[in-house]
Amino acid sequence: MFVDKAKVYVKGGDGGDGMISFRREKYVPEGGPAGGDGGNGGDVILRVDEGLRTLVDFKYQRHFKAKRGEKGKIKKQQGANADDMIVRVPPGTVIHDDDTNEVLADLTTHGQEVIIAKGGKGGHGNVRFSTASNPAPYIAENGEEGQERWIVLELKVMADVGLVGFPSVGKSTFLSRVTAAKPKIASYHFTTLTPNLGVVDVGDGRSFVLADLPGLIEGAHEGTGLGHEFLRHIERTRIILHVVDMSASEGRDPYEDWVKINSELYQYSEMLKDLPQIIVANKMDIPESEENLKQFREQLNESHGGLDVFEVSAVSGKGVQELLYKTVDVLDAIPKQPIVEEVSEIEDRKIYTIEDQSEKEPFTIRRENDVFIIEGERINKMLKKTQFGTYDSVMRFSRTLRNMGIDQALRDKGAKDGQTIRIGEYEFEFVEKE
């Protein structure tokens, strides 16, 4: 089964909680705090595996969650960091953020990695909070939550050469002639519903990957027919072999076929104009083809002089070898990297983080009846890390709010003694100190 698009959920592992512990040894008076930090959560990493050719695995598994870090231990021992979760994807996979549709990464080479969901940091143990004024703190932090997001994986087949053309012009027959691939061939349209790949051995020690791509019809750039299901794959190729049925067996004019297909390609992506194109005049074993080819060349020279036209018969093999030599010569003369639209060069390993809004707007306060609601990324993060089971932790959280200016901001908003303050899922009582 060929699957070239999938939507999946990824979540980095949560950090382990810090530990509250104290040394209690027989001959060590006033041992002090000894609670260790929690371990870091695992990252979710996408890694390219050249052995994969489809996203079919993501049809059956759509959720990927890394493990959380281990909790802190006694004797100042840190909890173990969680292992990263490695998710294998085929070369040519483009990752989009589902919410923003932003292109996050473009993975093309074997072994390339991207951290798509960062694991949370482990919380601090009480040994971290020891001070001269508080040598035995009952304070520890919860681990941070790992990043989470929905992403869309889109596979664009990695092939050196792509066969394009109307349905039933002989693309699959040509592929079966020059490679060991066995595509479905029949006398009706759209026998090719997914890209077929094959390796072409030219015969002089050179080779290339050839893709037989589903046939195009008018309006494909708008999604008509197989539409975008086909067009996304042509972006990866380095050369286009444009197959034209020169026998006009379907009742269409060969030159008009060529013009219409190019129009669909260029309306889908202007970048495709930069790809070298070789015209393959197929079905030259049929008597009517010679006269049609003569007219085709005249029309082509008037509008687009200088393009190569190769006469072949995919059935008999006539002219095929000469076409392969020309194709591999052109490949040798152009860069190995395909033209990729809108995706900039990305490092082999990069961390993608959800944008932190805390620096832009530390907090906001809004009022609903008699309840004051405080919101802000930094406050939410602090709230989740605070262990409210100890008095010291609660007082530390209160001091943090005061230092951020929240107490005064509440007074400015009209908060009075005894009124309810809501932060996340927690509710507090506003108390005015005398």
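In which element does valine 243 lie? Valine 243 lies in strand 12, where strands (E, at least two residues) and helices (H or I, at least four) are DSSP runs numbered from the N terminus.

## Basis of the report

This is a predicted model, in which local features need pLDDT of at least 70 and side-chain atom pairs count only at pLDDT 80 or more, while totals for chains, interfaces and linings use all residues. Residues are numbered from 1 along each chain as its sequence is written, and side-chain values use heavy atoms, with hydrogens and water left out.

## Valine 243 and its surroundings

Valine 243 is buried, with a relative accessible area of 3%; buried means under 20% relative accessible area, exposed over 50% and partly exposed in between, with a 1.4 Å probe and protein chains only. Not counting residues up to four places away in sequence, valine 243 touches Leu163, Val164, Gly165, Val169, Lys171, Val280 and Asn282, contact being heavy atoms within 4.5 Å.

## Helix 2

In helix 2 (residues 171–178), the buried residues are Lys171, Ser172, Phe174, Leu175 and Val178. Seen down the helix axis, these residues fall within an arc of 160 degrees, so they line one face of helix 2; the arc is that of the directions from the axis to the C-beta atoms. The buried residues of helix 2 pack against strand 9 (161–164), strand 10 (196–201), strand 11 (207–212), strand 12 (239–245) and helix 6 (320–333).

## Nonpolar cores

A nonpolar core is a set of buried Ala, Val, Leu, Ile, Met, Phe, Trp, Tyr and Cys residues joined through side-chain atoms within 4.5 Å. The largest has 36 residues, and those with the most contacts inside it are Phe174, Phe208, Leu210, Leu241, Leu323 and Leu324. Among the elements that give two or more residues to this core are helix 2, strand 12, helix 4 (254–268) and strand 13 (277–282), while helix 6 gives the most, with six residues. A second, separate core of 22 residues includes Val8, Ala105, Leu107 and Ile151.

Leaving aside neighbours within four places in sequence, leucine 241 is in contact with residues including Val161, Leu163, Phe174, Leu210, Ile278, Val280 and Leu323.
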